[in-house]
Amino acid sequence: MADTDDPAKQTIYWDTGLGVDVTMSLDHRMLEELGIKSAEELFSDIPEKVRIEGMLLPQGKSEMEVIRTVQDMLSKNLTAEQAPCFLGGGIYHHFIPSAVSTITSRSEFLTSYTPYQAEISQGMLQSMFEYQSMISELTAMDVVNSSNYDWSTALGEAATMCHRILPKKTFLVPEAMNWEKRSVLRNYVSGPELNIVEYSYDPYTGEADLEDIRQKMTQDVCGLYIEVPNLFGIIDSRAPLLKKEFPEVPLVVGVNPLSLALVRPPGEYGADIVIGEGQSLGLPMNVGGPLLGLFACTLEHVRKMPGRLIGLTKDNAGRRAFCMTLQTREQHIRRSKATSNICTNEALLAIAVSAYLGMVGSKGLRALARINMRNAQSLMQRIDELDGFASPFFNGAHFNEFVVKTTVRPEKLNKLLLRHGIIGGMPMHKHVPRLNDHVLLTTTEMNSAEDIDRLIAALKEVVQ
Amino acid sequence: MSYRQARYDEPLIFELIGENDFCLMSEDEVNVPESMRRETLCLPDLSEREVVRHYVNLSQMNFGVDNGIYPLGSCTMKYNPKYADLLSSLPTVRSVHPCQDEDSLQGALQLMFELEKCLCAISGMDAVTLQPAAGAHGEFTGMLLTKAYHSANNQQRDEVIVPDSAHGTNPASAAMAGYTVVEVPSGPDGCVDLEALKASLSERTAAVMVTNPNTLGLFEKDIGTLAEMVHEAGALLYYDGANLNAIMGMTTPGMMDFDIVHFNLHKTFATPHGGGGPGAGPVGVRKFLEPFLPVPRIVSEEGKYALEFDRIDSIGKVRSLYGNFAVLVRAYAYILAKGGDGLKEVSQKAVLNSNYLKSRVAGTYEMPFAELRKHEFVISARRLAKEKGIHATDIAKALLDRGFMAPTIYFPSLVEEALMIEPTETESKETLDKYAQALLDIANGDPEDIKSAPHNTAVGRVDEVYAAKELILSWRIYQRKNGKGSL
């Protein structure tokens, strides 16, 4: 460091070339042994016609420069630590015990790949088996795969799996569903050419409209999808009635797994497939990815399931061991006849979820779910007392989010809240166009009483 | 043989007995409707210390690139720089909600915008979407784009052609998008048989999926003719980017006349594979396919970045939000660090390492097809199997005993007893020499010892048949079955 007090001048003494380059330079001993003069000779099989001289990319940077550049760029993001966050809608700002990343940072997990060689990969395999087991406990389903990409792709795979179980052409979904899921679903069912038919919701409770489901339940239906909690944050009490009424139709239930600490698991009311977003179980928001698609089913349907499965077995000495199983469903064996094309998945996030659930435990998870729910209940009441808001808009039982009707356009409301240093909720009209003055507000254990006071104060001001 | 993996009888987490020390207890009354109420939850209740020890013990019974060479063919298991770990776990990544107002997401949008530009330069494509979560997901996206394109041109095309050496994901992705898959055989030189391809191409062909260099590590030298044939038939040419690590800076899929490309950022651009994922599978396309790309597109105006959703020809979405952002951060940092020249050097080194290792084992193992390979090569244990009863799987297990990860085995299926080896650019000559020596020792070793391998790993050879027969896939099932066995 220079002996001057002017920080601008100090920097010229910094060596910006510090850091590691993991690609070593070409080893001339190898070139010699191959009897060649340069590595270029190894590319003689690439026709001249398609050769390039180089790429239009900047010069490389040192580790130190890279870290600075990327850090600076990302510092233009606002974090939920800097501003209270009332935004959810599938991705949530939760507390993550520090030890979760201690575990996922273990090089042996982090830098391994799919455990094709079981004997040297028991750690990963047992961890994945434990993940499958924990999600199985939460959902009360026997079988859980070792991950899909996210909730929306899990939904796509669930629909095509229903079609494999019951080869008909219509898949019933709620009208009250995130538009992104609907769009992903349409792409996933474009192969088997399924029709997506929507059923409406009860305008008072926000729950599924059972009468509408009955009307749309034709002979052509291969599967029925419902979310608990649903898009409006409502713990839909109609869900347990569906299997009773339509026993022949595969039932798919989408969940926020955190809610299952308090809410009846779908396995208890006849779900054939349970899917959901694992992010609420100890995973960071990551600007939306990576996420973790949960995918569970009954043992009866396991051979029609997508994704990787780990089974408990024994080794040649009779000791307990784990390995991948039912691989004949998968693309690397079955190719075009596979149940899915999935290969690379979200395994490390599945370990994070297991570690999280292990640390939080039954007691912790139930406590967390209560706090989430209580915060939402108290916030929805306080907002309802304000002029210009109707909260909650639906009167079903809410988990940790709820719809509010406002007199200020949702996007404008969010811009104004951002000026108060608050991350506002999710506008609803993108998902359900007729809810054009409605916003979904979310609370988690991260929203302190002070955060909630700040939001209330800001809302008061905004409406005035 | 100096390797010994940890061998613990580590119980299942459900079998551990401990005390929950998570300090967030709440007995608040909340009113879940009675019909929806859950009474019991049976997760383990343990202290953080117990959980950490459990997973640290488990991790020691696992093997990653940070433990040693991991030359799993077609998976590009390179040693990854740690600055990427640091950057991808910054609060400005972890604690940012994707649906925040664009004004509060400028850093993320800029990074994605810049990364798209980099990937265009590397691939010779005109536009890139970062949305797909993995390579296979990129392939599926590519097939959806293919469908959208043909349908916009009122063309009914229902077949996709893949070579028999293609990764299994290719035919699976095409089938998922509703295409009938037509497989064409490889010629005697290991490359796509152009005559067979010609016979398969028709007005029904929507796309041809090609991996170049292919899974044998061979560069498809007739790629120019191949591309002409495909385009003449009115089909699109799809590039499987799994093997992109071989050609950066030497050629591009664009130069080779491909129309759609997927990248495996986790392979080529330095993301640890996390025991199976996450990865990222961006897709690049030529200008005429850009209107079909998934929404949102990231646009830049006067230094401000925005998300554009309103695009009528778009296929919509292939997953929620924008992609595996934390993986994108890693890839961007790696590309910045390397620069254009650095990436070219990566490919040169990867190809040098592959050819060097191949030359070291060539006499002992059969080497189907031509000499010159790119980043990976395939050897055959056919002779060993016939003469000594040592199969590819035995060689794989014996390598584990020596502290090396095994290659990909029994793939591609056109090579009998195949071992597919991809050393990557991050291994030194010394390591490659040791790996080669291990392969030679195994070929000349005591067949009984090889066939009973591994001995030095956490468990001995596992019984896959038992696993498939019993289907113990969760603790729930295990508990139901308990009493029948002692496992």
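**Chain architecture and the A–B contact**

Among contacts in chain B between residues at least 6 apart in sequence, 72% link residues that are at least 24 apart; this value, like the others reported here, was computed from a predicted model. Chain B comprises 16 helices and 12 strands, and its C-alpha atoms occupy a box of roughly 70 × 65 × 45 Å along the principal axes. The radius of gyration of chain B is 25 Å, which agrees with the value near 23 Å that a compact globule of 487 residues would have. Of these 487 residues of chain B, 61% count as buried.

Chain A contains 14 helices and 13 strands, and the box filled by its C-alpha atoms, taken along the principal axes, is roughly 80 × 70 × 50 Å. Of the 464 residues of chain A, 60% count as buried, and among contacts in this chain between residues at least 6 apart in sequence, 71% join residues at least 24 apart.

An open sheet of 7 strands is present in chain A, with the order β1-β7-β6-β5-β4-β2-β3 and mixed pairing. The edges of this sheet are held by β1 (143-144) and β3 (195-199) of chain A, each of which has a single partner strand, so that one side of each is left without a neighbour in the sheet. Elsewhere in chain A, as part of the description of strand pairing, strand β4 (residues 221-228) and strand β5 (residues 251-255) pair in the parallel sense over 5 bridges; Leu224(A) has Leu251(A), in β5(A), as its bridge partner.

The two chains meet in a contact to which chain A contributes 169 residues and chain B contributes 177 residues. On the side of chain A that touches chain B, the largest share, 21 residues, is supplied by helix α12 (residues 347-384) of chain A. When this side of chain A is divided by class, 82 residues are nonpolar, 53 are polar and 34 are charged.

Terms used
Residues are numbered from 1 along each chain as its sequence is written. Chains are lettered from A and ligands numbered from 1 in the order in which they are written. This is a predicted model: local features need pLDDT of at least 70, side-chain atom pairs count only at pLDDT 80 or more; totals for chains, interfaces and linings use all residues. Two residues are in contact if their C-beta atoms, placed from the backbone, lie within 7 Å. Helices (H or I, at least four residues) and strands (E, at least two) are DSSP runs, numbered from the N terminus. Ala, Val, Leu, Ile, Met, Phe, Trp, Tyr, Cys and Pro count as nonpolar, Asp, Glu, Lys and Arg as charged, and the others, Gly among them, as polar. A residue is buried if 20 or more other C-beta atoms lie within 10 Å of its own, exposed if 12 or fewer, and partly exposed in between; C-beta atoms are placed from the backbone. The radius of gyration is taken over C-alpha atoms; the globule rule is 2.2 Å times the number of residues to the power 0.38. Two strands pair if DSSP finds at least two bridges between them.
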